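I opened the file to look up a few local features and the overall build. My notes follow in the order I took them.

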Amino acid sequence: MTNVQASLTDAAYKGPALEVDKEFYGNIARSTDSRELVDSFLIPIRSGKAWKVPAGHVCRILTVDGPQVGDLNIWNFNNPRERFWAARTRQLQAAHVTTFDRLWSNLPYLRPLATITADTLEGYGVDGEGGRVHDTLGTRCDPYVNRMLTGEDFDYHCHSNLTRAVLPYGLTEFDVHDVLNVFQCTGLNDKDQYFMKSCPAQVGDFFELFAEQDLLMALSTCPGGDLSVPMWGEGAHDPVEVCRPIGIEVYKVGADVLGGWASPGLPEYAGAHGLKAPAWGEARS
């Protein structure tokens, strides 16, 4: 018999840290009449923008002209060393996320940055080729890989778009991190290789996040557009004709909806990884 360990998200392993109050977050999604729109803008094709989402607010990412992939980065606005951790989110939630999944931050913070409250593509499920939407498997396209594969420079990959977007907030290329690929359809083939498919989103589809902390978000409208045109290899050409803008809306949630909600605290781990400072005068090797 094969000894297969259970997933961290299996019921046997679930405790309060991984439980989600679906009634609370579902009510946030349903209570649109009590929201106040505080910010709204479009991110043009092949560009990026960063913006603040205060704790207790909802951010809606929406396709306004048709299918388009967006590469999303998230930081704690007050401490950008705390940022989205795609790998741990993949482990604690899933490789493709949807309603009630949470986006977790890196060590030593390890807490939810945001919780997904609504996703109009939730019903997409798994298609005939194993594709799912909103993935944490891949990462952003970047000019370094492009140069390696094509021998050409291109300055509007998602990594570059995100780099330019966060500069006004005092961040740099070194702060840009692995992304949540919003509206992107991906999977693993029978050779365990990552694949991308055409984006299934249509005009008006949206993906909503509830900010558990004061957040800085940044999103790049991928230069591959809806990914219906290959960017490398056979048949590849500049897919600008399938590039579209993405809309962003930020809403303040009514106090009556939030009730006694509070931002998640930091982990209670009080150790020092087995290390301790030597006593005064103690020999140092």
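I take a contact to mean heavy atoms within 4.5 Å of each other. The model is a predicted one.

**Entry 1**

I began in the loop between strand S12 (215-221) and strand S13 (246-252), where Asp-226 is found. Is Asp-226 buried or exposed? Its relative accessibility is 7%, so Asp-226 counts as buried. I listed its contacts, leaving aside neighbours within four places in sequence: Pro-67, Gln-68, Lys-197, Ser-198, Cys-199, Val-242 and Arg-244. With Arg-244, the side chain of Asp-226 also makes a polar contact of 3.3 Å, side chain to side chain.

I then checked Leu-227, which is in the loop between S12 and S13. Leu-227 is not a glycine, yet its phi is positive, at about 65°. Its relative accessibility of 11% puts Leu-227 among the buried residues.

**Entry 2: the loop between S6 and S7**

Most residues other than glycine have a negative phi, and most peptide bonds are trans. Pro-108 sits between strand S6 (102-104) and strand S7 (112-119).

Leu-110 is also placed in the loop between S6 and S7. I read its phi as near 40°, a positive value in a residue other than glycine. Leu-110 counts as partly exposed because its relative accessibility is 31%.

**Entry 3: the ends of H3**

I looked at both ends of helix H3 (residues 143-150). At the start, a side-chain oxygen of Asp-142 comes to within 2.8 Å of the backbone nitrogen of Tyr-144. Just after H3, Gly-151 has a positive phi of about 75°.

**Entry 4: helix H4**

How many residues of helix H4 (residues 158-166) are buried? I find eight of the nine, so H4 is largely enclosed by the rest of the structure. Those buried are Cys-158, His-159, Ser-160, Asn-161, Leu-162, Thr-163, Ala-165 and Val-166. I asked what they pack against: strand S2 (48-53), strand S4 (70-76), H3 and S12.

I followed up on Asn-161, which is placed in H4. Asn-161 has a relative accessible area of 0% and is therefore buried. Which atoms does its side chain meet? A polar atom of the Asn-161 side chain lies 3.2 Å from the backbone oxygen of Tyr-156. There is also a polar contact of 2.9 Å between the side chains of Asn-161 and Ser-220.

Not counting residues up to four places away in sequence, Asn-161 touches Arg-46, Ser-47, Gly-48, Asp-155, Tyr-156, Ser-220, Thr-221 and Pro-223. I also took one C-alpha separation: Asn-161 and Cys-222 are 61 residues apart along the chain, and their C-alpha atoms are separated by 8.6 Å.

**Entry 5: Thr-136**

I next located Thr-136, in the loop between strand S8 (132-135) and H3. Thr-136 has a relative accessible area of 1%, so it is buried. Not counting residues up to four places away in sequence, it touches Phe-84, Ala-86, Arg-90, Ala-94, Ala-95, Val-179 and Leu-180. From Thr-136 to Val-182 I have 46 residues in sequence and 9.1 Å in space, C-alpha to C-alpha.

**Entry 6: the chain as a whole**

The protein chain has five helices and 13 strands. Why does the radius of gyration agree with a compact globule? For 285 residues such a globule would have a value near 19 Å, and the protein chain has 20 Å. Along the principal axes, the C-alpha atoms fill a box of roughly 65 × 55 × 55 Å.

Of the 285 residues, 48% count as buried. Among contacts with a separation of 6 or more, 75% are accounted for by residues 24 or more positions apart. The accessible surface comes to about 14600 Å², and 52% of that belongs to carbon and sulfur atoms.

For charge, I have 24 positive and 37 negative side chains in the protein chain. The centres of the two sets lie 6 Å apart.

Notes
Residues are numbered from 1 along each chain as its sequence is written. This is a predicted model: local features need pLDDT of at least 70, side-chain atom pairs count only at pLDDT 80 or more; totals for chains, interfaces and linings use all residues. Side-chain values use heavy atoms; hydrogens and water are left out. Helices (H or I, at least four residues) and strands (E, at least two) are DSSP runs, numbered from the N terminus. The radius of gyration is taken over C-alpha atoms; the globule rule is 2.2 Å times the number of residues to the power 0.38. Buried means under 20% relative accessible area, exposed over 50%, partly exposed in between (1.4 Å probe, protein chains only). Accessible areas come from the Shrake-Rupley method with a 1.4 Å probe; for residues, only the protein chains shown count as cover. Lys and Arg count as positive and Asp and Glu as negative; His and the chain ends are not counted. The place of a charge is taken as NZ of Lys, CZ of Arg, CG of Asp or CD of Glu. A polar contact is a pair of N or O atoms within 3.5 Å; within protein, one must be able to donate a hydrogen and the other to accept it, and residues adjacent in sequence count only if both atoms are side-chain atoms.
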